[in-house]
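The following exercises concern packing and contacts in a two-chain complex. Please work through each task with the structure at hand before reading its solution.

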Amino acid sequence: MYDGEYSDKVIDHFTNPRNVGEIENPSGVGTVGNAKCGDIMRIFLDIDENGIIRDCKFKTFGCGAAVASSSMATEMVKGKSVQEAMEITNKAVMEALDGLPVVKIHCSLLAEEAIHAALWDYCQKSGITIDGLQKPKADIND
Amino acid sequence: MQNIYLDNAATSRMRKEVLDAMIPFFTEEYGNPSSIHAMSRTPRAAVKKARKQIADCINADPSEIFFTSGGTESDNWALISGMEMLEKKGKHIIISSIEHHAVLETSYYLERRGFRVTRVGTDSGGIIKMDELEKAIGPDTVMISVMTANNEIGSIQPVAAIGKLARERGIIFHTDAVQAFGHIPLDVKSMNIDMLSASGHKFGGPKGVGFLFVRKGIKLPPFMHGGEQEEGRRAGTTNVPGVVGMGLAAELACKNMEAANKRLIMLRDHLIDRVLKEIPYSRLNGDRKKRLPSNADFSFEFIEGESMLMSLGMKGICVSTGSACASGSLDPSHVLLGIGLPHEIAHGSIRITIPEETTMEQIDYAADCLKQTVETMRSLSPLYDDFLKKQKA
């Protein structure tokens, strides 16, 4: 990618990524992507008894857009209900970042998938179902 | 913040004296050297001088130097026109698996045109396997094209040995010397080189100009068709300022080569030593000894190259990467995969190529930044977490 093709927001979220880290005993954790393609995203969720996302953290291996997309996605899910979080699309992540270069759109998709994977893990652990949530297709172990 | 340019293999700064030598040919002496009036005289003489300056650098005859628009055109010309010329004798060409795209993509084009291509692999240091090269030679092999030095990992190929083998077998030997010309000593006679490509801007000359050396006796047909320039071998109005600049840059680069390389090797080795010692899970790509004096190419485990590049860029360090994410493709560079790196390690690669004017302070600053960047990116990496957990267990 070339300097200047990223928006200021992407640069900001890359330089000062929000919510980096892990959550111990998370309500849900999801990892998507694979190292072969150069992107792995892991999202941790802490969800309270009312199904509200109290905290969200991430770790990402990947390019600047992947880091910025993860950072933005964690910001967007915090304080949301699991149903609301489920409905966050890659398009919304992209818009929040003031756009991504065309070749980097898949990074925002990975962020959406990582949220879904973490929510799926939460559902599995707690026996809850979220409307429209499907088993994650991309997984680090695939 | 001042930028520290460490991407000299991408392009190099043009020397002031080179620019000064070019200027008159834009303004006062703008005549076309192919004309026959008075205004053509000085440009014609200048082009002649440049041809000799370049020929002298590689122990060639000036009549064997043909000016082109750059390295890519030279490679395309040598391979495509060369194979067309040799077609009746045989349709097989051998190249290395780590060629620059200018050769690699041309080889795919040749395949589509019905030629047969063998791509010979390298050892883990990025040096072509000579036994496999020899084994690949068949009765219909008419050309071998192996780069002099690799653009990414800097490995220097055994060009003299390949030239000797090719000459013995009656095979034309072309070498893409874009990264090598003006940087390491080359002798087309003792190395038995039949054709050699180079590009002006890689050794302190201008962009948009290069040359192809074609040994006397090889009747390489033209690739660019049109006028009678370059003895009818390469049509198109001569780029006089470019040629003049490239000629002087070549002369200066070859004259200063020994002293410059001594210094570059010192800077390079200092950088390599520091990185390998101070940054865990790092590796140097390319042969430790048989490498270009300015090249240091590293892989850092658990992190990705483009994000490293961005992070270094914010500190003013300009480098490049072989990661896929930088190019928009899914696979990392064919060179890094070619030397046997797994995808995930190839993704975490950074190429540093040092310009002559770089100071030791700048190299130390770059090493410090690299260390910080790798630490920061690893603190973000789930792969590094998994690795640490596995180690503890």
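**Exercise 1. Two helices of chain B**

In helix 3 of chain B, the residues B:Gly71, B:Thr72, B:Asp75, B:Asn76, B:Leu79, B:Ile80 and B:Met83 meet B:Ala102, B:Val103, B:Thr106 and B:Leu110 of helix 4 of chain B. Contact requires that the C-beta atoms of two residues, placed from the backbone, lie within 7 Å. Helices (H or I, at least four residues) and strands (E, at least two) are DSSP runs numbered from the N terminus. The model is predicted: local features need pLDDT of at least 70, side-chain atom pairs count only at pLDDT 80 or more, and totals for chains, interfaces and linings use all residues. Residues are numbered from 1 along each chain as its sequence is written, with chains lettered from A and ligands numbered from 1 in the order in which they are written.

Solution. 
1. Geometry: the axes of helix 3 (residues 71-86) and helix 4 (residues 101-112) of chain B come within 9 Å and cross at roughly 30°. Helix 3 of chain B is therefore roughly parallel to helix 4 of chain B. Angles under 35 degrees count as roughly parallel, over 145 as roughly antiparallel, 65 to 115 as roughly perpendicular and the rest as oblique.
2. Handedness: helix 3 and helix 4 of chain B cross in a right-handed sense.

**Exercise 2. Two helices of chain A**

Task: Determine at what angle helix 2 and helix 5 of chain A pack, and which residues make the contact.

Solution. 
1. The angle between helix 2 and helix 5 (residues 105-126) of chain A is about 40°, and their axes are 8 Å apart. Helix 2 of chain A is therefore oblique to helix 5 of chain A.
2. The crossing of helix 2 of chain A with helix 5 of chain A is right-handed.
3. Helix 2 of chain A contributes A:Ala65, A:Ala66, A:Ser69, A:Ser70, A:Ala73 and A:Val77, while helix 5 of chain A contributes A:Cys107, A:Ser108, A:Leu110, A:Ala111, A:Ala114 and A:Ile115.
4. By class, the residues of this contact are 9 nonpolar, 3 polar and no charged.

**Exercise 3. Confidence**

Task: Report the confidence of the prediction for each chain and for the complex.

Solution. 
1. Chain A has an average pLDDT (the predictor's confidence in each residue, from 0 to 100) of 91, with 94% of the residues scoring at least 70.
2. In chain B the mean pLDDT is 96, and 98% of residues reach 70 or more.
3. For the complex, the predictor gives an ipTM of 0.91 and a pTM of 0.94.

Terms used:
Axes fitted to C-alpha atoms, helices over the stretch in contact; angles between N-to-C directions. Left-handed = near helix turned anticlockwise from the far one by under 90°. Nonpolar A, V, L, I, M, F, W, Y, C, P; charged D, E, K, R; others polar.
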